[in-house]
Amino acid sequence: MSDHNSAIKRMPAPLSPSRSGLAWGLLGVAAFSFTVPFTRVAVESMSPLFIGSGRAVIAAVLAAAALIITRQHLPRGNQWLRLAVVAGGVVVGFPLLTSFALTTVSASHGAVVIALLPAATAVAAVMRGQERPPLPFWIMASVGALVAVAFASLQGGESIRLQWSDLLLFGAVVAAAIGYAEGGLLAREIGSWQTVSWALVLAAPLMVALTTIAIVDQPPTGTPTQWAAFAYLGVVSMFLGFFAWYRGLAIGPMAQVSQVQLTQPALSILWAALILHEELTWQTIIGGIAVILCAGIAVRTRLNRVRPTRSAEDCAVESSPVEAMSGTNLP
């Protein structure tokens, strides 16, 4: 009995959401916020297939190294099938679909549509976890989707209709939402950064094949800036960003830290204006604010209904590779 009590006492208490949990979460979101603008930079000279698959190959090499160095155990049984779902959503689907979409639409336009992701992830989590959220959740999630569709339609040119690039962006949102929801559940069993790393390794053969095809079909060329953008997508967007993001969730409280993601589309639009010199129109500002508000209300409504508690097990599974190597828990 005393051993059990001492084990519980050794488990660190979650820090205040105003301290390091939110700081690490915001760092992860800040890293992700450059994904759309830098993808737009890279597709100016490189093929979208090379960008979408090549960045995953870079991340897979880093993930394999982290898994080997920290001596992680292999997933078991149906965990591989669930990892395939995660890989299909966040390693294959989202990078490829956004890369092809951003060949024809601006980064700010893409950021507004992708602003649906927090609400879409909440919907996927509700369906996967068989939750029964209140009616306002479904109303705000639906309104957010309609607002995003209306924005994309009005931005499509002279005719009010969705372009193929908008359909790709909506597909990317669905793919990522499914991958995030399944990954969130799986992370409780094998750890968060481990889930992303194993998904990258699992998808590596396919992504290597696609990268090879892309290189043969169109040998990649670009300026130093474009290659730097591509390197960022592989090293930070697909790998290191997840470390900061999941560390923030680990320190928690998870419900509060997860809502930091709502700032990502606003940051992406800002970077598009500053880095790419894209015109920040009133339509973009209003559309972005509307989608973010709808997503934020939907996410908060679900969190208020579920009100998850942070257990000792949550603290244990959310450790980073550095902590795994040192054998210590979160501070």
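Predicted model: local features only at pLDDT ≥ 70, side-chain atom pairs only at ≥ 80, totals over all residues.
A residue counts as buried when its relative accessible area is under 20%, as exposed when that area is over 50%, and as partly exposed in between. Arg-82, at 13% relative accessibility, is therefore buried.

**Salt bridges**

Side chains of opposite charge can pair when their charged atoms come close.

| Salt bridge | N to O distance |
|---|---|
| Arg-82 and Glu-182 | 2.8 Å |
| Arg-82 and Glu-189 | 2.8 Å |
| Arg-128 and Glu-182 | 2.6 Å |

In the pair formed by Glu-182 and Arg-82, the glutamate lies in helix α9 and the arginine in helix α5, so the contact ties together parts that are 100 residues apart in sequence. Both Glu-182 and Arg-82 are buried.

Arg-82 also forms a salt bridge with Glu-189. This second pair again links distant parts of the chain, with Arg-82 in helix α5 and Glu-189 in helix α9, 107 residues apart. Glu-189 has a relative accessible area of 44% and is therefore partly exposed.

Glu-182 has a further partner in Arg-128. Because Arg-128 lies in helix α7 and Glu-182 in helix α9, this pair ties together parts that are 54 residues apart in sequence. At 39% relative accessibility Arg-128 counts as partly exposed, whereas Glu-182, at 7%, counts as buried. Through shared partners, the salt bridges join Arg-82, Arg-128, Glu-182 and Glu-189 into one network.

The whole structure contains 3 cavities of 30 Å³ or more. The largest cavity holds about 300 Å³ of space. It is lined by 21 residues, of which Phe-32, Phe-94, Leu-117, Tyr-180 and Gln-264 are the closest to its centre. The lining of this largest cavity comprises 15 nonpolar, 5 polar and 1 charged residues. Helices that each supply at least two residues of that lining include α5 (79-101), α7 (117-128) and α9 (164-190). Others that do so are α3 (35-42), α6 (107-114), α11 (224-251) and α13 (264-275).

**Annotated transmembrane regions**

An unreviewed UniProt entry places the feature "transmembrane region" at residues 21-43, 49-69, 81-102, 135-155, 167-186, 198-215, 227-246 and 282-301. In the model, residues 49-69 are 100% helix and 0% strand, with the end C-alpha atoms 30 Å apart. Residues 198-215 are likewise 100% helix and 0% strand, and their end C-alpha atoms lie 25 Å apart.

Key
Residues numbered from 1 in each chain as written. Heavy atoms only, no water. UniProt positions renumbered as here; feature names shortened; annotations may be inferred. Helix = DSSP H or I, 4+ residues; strand = E, 2+ residues; numbered from the N terminus. 1 Å grid on protein atoms, 1.4 Å probe; cavity = no way out; pocket = protein on both sides within 12 Å on 5 of 7 lines; lining within 4 Å. Points joined across faces, edges and corners; volume = space filled by probe spheres on them. Nonpolar A, V, L, I, M, F, W, Y, C, P; charged D, E, K, R; others polar. Salt bridge = Lys/Arg side-chain N within 4 Å of Asp/Glu carboxyl O. Buried < 20%, exposed > 50% of the residue type's maximum accessible area, 1.4 Å probe, protein only.
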